[in-house]
Amino acid sequence: MPKHFLTIPDIPKDEVLQVILRAKEMKDNKVRTDLLAGRTLLLIFEKASTRTRVSFEVGVRQLGGDPVFIAARDSQLGRSEPLKDTARVLSRYADGLIVRTFGQEKLETLVEYGDIPVVNALTDEYHPCQIMADVLTMYERTPDLASLKVAWVGDGNNMAHSFINGSAAFGYELALACPEGYEPDAAILDAAVNRGAKVTLTRDPAVAVSGAHYVNTDVWASMGQEEEQKKREAAFAGYEVNDALMAKGASDVKFMHCLPAHRGEEVSEAVFESPASIVWDQAENRLHAQKAILEWIYK
Ligand code: CP
Ligand code: NVA
């Protein structure tokens, strides 16, 4: 049975920290292996990407494999060939699918009809590769992850859901501040709490950030929600991460963002460019975290 990585809980709880530690080792030792020698991994993207695409293409090569990129709109998927047919065809050519798409159920269709590993490179519901990189970024500064208070300010979106799952996996406390109507999905939240996630939800960004060691935010309109931009700007007024909000955090509070960022919306220019901002380490850590995830799948 192939291993898949569609959400954080796909990695058993007793293995997930090992993947982070391995990512750190790969980073520190600039690890190159031939683990994927002779293997081709297909990247199928239905949404735009800079970091995810490039870090996966580079990471697959650093593990000795061959990445092949397919923009979904240029393939027959863009002309409505069913995903279940695509899954069966691509399984005959390749050794893995790294997929950025809309609904999570599309990945589940690829798993059901294909017979090769599937990796979630972002869906509307989750961005698990990003959270693994983000946990690595926090771990490098504060290895005792269970001692941390992490704040999430803004939309209860795919990144928020992945931070919620991360709380169950890694033990940090997560305090979310979301406007009414933009809370995380209740079923995802309940399932994570049942797995041990320590999550609080408030409307007040100051409450969420109070004493936090890491403050996270993300765009107010995710990919696929562009037409809601104006409505969301109104709904998220007061949710900008700025100096006044950061001042409520712990004395060495850090700012995190998965990128790309909209300065003057979810984060001020001053915070984004401040010494407290660790966004470039997060971006770099995509490469190392994903290499460790691929090793977990293929080793
Ligand atoms: N953070 C992230 O996934 O970036 P890209 O959209 O550029 O891949
Ligand atoms: N929430 C954002 C994350 C981008 C990396 C989106 O889905 O567009």
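**View 1. Lining of the second largest pocket in the predicted model.** By class, three nonpolar, eight polar and six charged residues line this pocket, where Asp, Glu, Lys and Arg count as charged, Ala, Val, Leu, Ile, Met, Phe, Trp, Tyr, Cys and Pro as nonpolar, and the others, Gly among them, as polar. The pocket holds about 250 Å³ of space, and of its 17 lining residues D124, D155, N157, N158 and Q225 are the closest to its centre. A pocket is an open set of points on a 1 Å grid over the protein atoms alone, where a 1.4 Å probe fits, with protein on both sides within 12 Å along at least five of seven lines, and lining residues have an atom within 4 Å of a point. A volume is the space filled by probe spheres set on the points, which are joined across faces, edges and corners.

**View 2. Residues listed in the UniProt record.** The unreviewed entry lists N158, D218, S222 and M223 under "binding site", an annotation that may be inferred rather than shown by experiment. Although spread over 66 residues of sequence, they cluster in space, with a largest C-alpha distance of 11.5 Å.

View 3. N158 is buried, with a relative accessible area of 6% (buried means under 20%, with a 1.4 Å probe and protein chains only). Leaving aside neighbours within four places in sequence, N158 is in contact (heavy atoms within 4.5 Å) with residues including L122, D124, H127, D218 and S222.

Residues are numbered from 1 along each chain as its sequence is written, and chains are lettered from A and ligands numbered from 1 in the order in which they are written. In this predicted model local features need pLDDT of at least 70, side-chain atom pairs count only at pLDDT 80 or more, and totals for chains, interfaces and linings use all residues, while side-chain values use heavy atoms, with hydrogens and water left out.

Note on methods: Buried means under 20% relative accessible area, exposed over 50%, partly exposed in between (1.4 Å probe, protein chains only).
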